[in-house]
Amino acid sequence: MKLLLENWRKYLVERKLSADGTPVFLPFRTDIQIYNNKTAEDYGVSSPSDLNELFAKEGIYGSGPLGWLNNDEGNNNLYDMMVDSNATAMIDREALKNSTCLWIAIWGYVGFNQQPQTDDEIDFIRQCYSSGVEGLSFYEGTAYRGMGVSQEWLFQQLFGQEGAEDDEYFKGYRADKRQPEDLKMGIKDYLNFYRLMKGQKVITPQTNTGYWTHYPRGEDRVESWSRSEKVAVEYARTGAFLQTSEAKPGNYLSIVMVADAADNEGVFLNFDIFYESTIASAEKRNQEVPAFAKRSNGIKIKKAIIPYNQVKKIFKDMATGRHGEKLATAVKSGQMKPMKFENKQNQKLLKEGRYSELYEIEQDWEIIF
């Protein structure tokens, strides 16, 4: 294994990703008609989708780019297939191998939820995307991630409450260590909650840097983000919330985290080439800009959006049983509840402008709950 890693690091230094007749991601391109009767008869592959299914079946995505780098038989078979295809008689073996490694590293996550196993893989992707190869570039705009989160997660990530990592749901997330004076949310944000809760509430961090750091769960290094706020909000309302809750007892809420690529250099990948030229076009509506980050770095978040008026609708929908009896039972029994922001006593103080009494509340979040 040590030798494999040494070879991998050496491989990171220089590589060819494309060549004349061998564009990047050639075997998975849909803008080039390369498969023919011979590839169908001899290899069982008549389309990029067939090859994608074959890779999945043989565990190639699971073994990651390092596995493909050392898979001589697989590389030879793929090279022979490309030579027998309609692509060209001048297939560049090195470019084919290298760009397929990159494909496995990226599509392995986006298509099959396979996480990179080491920071070296993150380095590999970043170096490829910095190579100047046509179609490979980093995303430069604003990115959004919809999530379903527990009350404990919200306290830790946004309000800065210590000890939230002891909660069962929170296990696997890294605690965000900060100085007591480095508040994530200022008092003005708390006081505005009631005024804005009928629509969307935007929370901005009250830190010297202007952002807080979010770490993907557990040993993960990649997360799905979108360039579309609408897509992220919709995911926060439905899929992300339902997948995250898993019927565990507690109070839940949907949020959308917002990050600027300018604060996260080399993290968000531009996915245009995937959507325009490969089998990933079927996922185009997601407008994904996946975030690939080293475990020690995390992702810098500039604000969070809470689409609160949708949360109760989600719970009502779950109670119907459409999303499984486990969730329906948990909601009907009261084990799972939507987070509530209607503390009538404190709301009255706010409405009457009695801010001095609100300031006397010992814990800030009591103003909300």
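The following legends describe close-up views of a predicted model of a protein chain.

**Figure 1. Overview of the protein chain.** The predicted model contains 16 helices and 9 strands. The chain has 369 residues, of which 49% count as buried. Among contacts with a separation of 6 or more, 74% join residues 24 or more positions apart.

**Figure 2. The buried and exposed faces of helix α3.** Helix α3 spans residues 48-57, and its buried residues are P48, L51, N52 and F55. These residues lie on the same side of α3, because they cover an arc of only 105° around the axis. The face turned away from this buried side carries E53 and K57, which are exposed. Just after α3, G59 adopts a positive phi of about 75°.

Figure 3. The side chain of N75 reaches the backbone oxygen of N71 at a distance of 2.8 Å. When residues up to four places away in sequence are not counted, N75 touches W68, L69 and K97. N75 and T100 are 25 residues apart along the chain, and their C-alpha atoms are separated by 9.1 Å.

**Figure 4. The packing of helices α6 and α7.** The two helices pack at an angle of about 120°, and their axes are 10 Å apart. The helices α6 and α7 are therefore oblique to each other. The crossing in which α6 passes α7 is left-handed. On the α6 side, the residues in contact are N98, C101, L102, A105 and I106; on the α7 side, they meet F124, I125, C128 and Y129.

**Figure 5. N113 in the loop between α6 and α7.** N113 is placed in the loop that lies between α6 and α7 (119-129). A relative accessible area of 57% is over the 50% limit, so N113 is exposed. Most residues other than glycine have a negative phi. N113, by contrast, is a residue other than glycine with a positive phi, near 60°. N113 and S224 are 111 residues apart in sequence, whereas their C-alpha atoms are 9.7 Å apart in space.

**Figure 6. Helix α10 and its N-terminal cap.** Helix α10 comprises residues 229-237, and its buried residues are V231, A232, V233 and A236. The N-terminal end of α10 is capped by S228. In this cap, a side-chain oxygen of S228 lies 3.3 Å from the backbone nitrogen of K230.

**Figure 7. N264 in the loop between β5 and α12.** The loop between β5 (250-260) and α12 (272-277) contains N264. N264 has a relative accessibility of 4% and therefore counts as buried. A polar atom of the N264 side chain lies 2.9 Å from the backbone oxygen of D260. Leaving aside residues up to four places away in sequence, N264 touches A259, G298, I299 and K300.

**Figure 8. Q287 in the loop between α12 and β6.** Q287 is found in the loop between α12 and β6 (291-292). Its relative accessible area is 33%, so Q287 is partly exposed. The phi of Q287 is near 45°, which is a positive value in a residue other than glycine.

**Figure 9. The packing of helices α13 and α14.** Helix α13 (residues 311-319) packs with helix α14 (residues 325-332) at an angle of about 120°, and the axes are 7 Å apart. The helices α13 and α14 are therefore oblique to each other, and their crossing is left-handed. The contact is formed by F315, M318 and A319 of α13, which meet L327, A328, V331 and K332 of α14.

Note on methods: Residues are numbered from 1 along each chain as its sequence is written. This is a predicted model: local features need pLDDT of at least 70, side-chain atom pairs count only at pLDDT 80 or more; totals for chains, interfaces and linings use all residues. Side-chain values use heavy atoms; hydrogens and water are left out. Buried means under 20% relative accessible area, exposed over 50%, partly exposed in between (1.4 Å probe, protein chains only). Helices (H or I, at least four residues) and strands (E, at least two) are DSSP runs, numbered from the N terminus. The arc is that of the directions from the helix axis to the C-beta atoms. A polar contact is a pair of N or O atoms within 3.5 Å; within protein, one must be able to donate a hydrogen and the other to accept it, and residues adjacent in sequence count only if both atoms are side-chain atoms. Axes are lines fitted to C-alpha atoms, for helices over the stretch in contact, and angles run from 0 to 180 degrees between N-to-C directions. Angles under 35 degrees count as roughly parallel, over 145 as roughly antiparallel, 65 to 115 as roughly perpendicular and the rest as oblique. A crossing is left-handed if the near helix is turned anticlockwise from the far one by less than a right angle, and right-handed if clockwise. Contact means heavy atoms within 4.5 Å.
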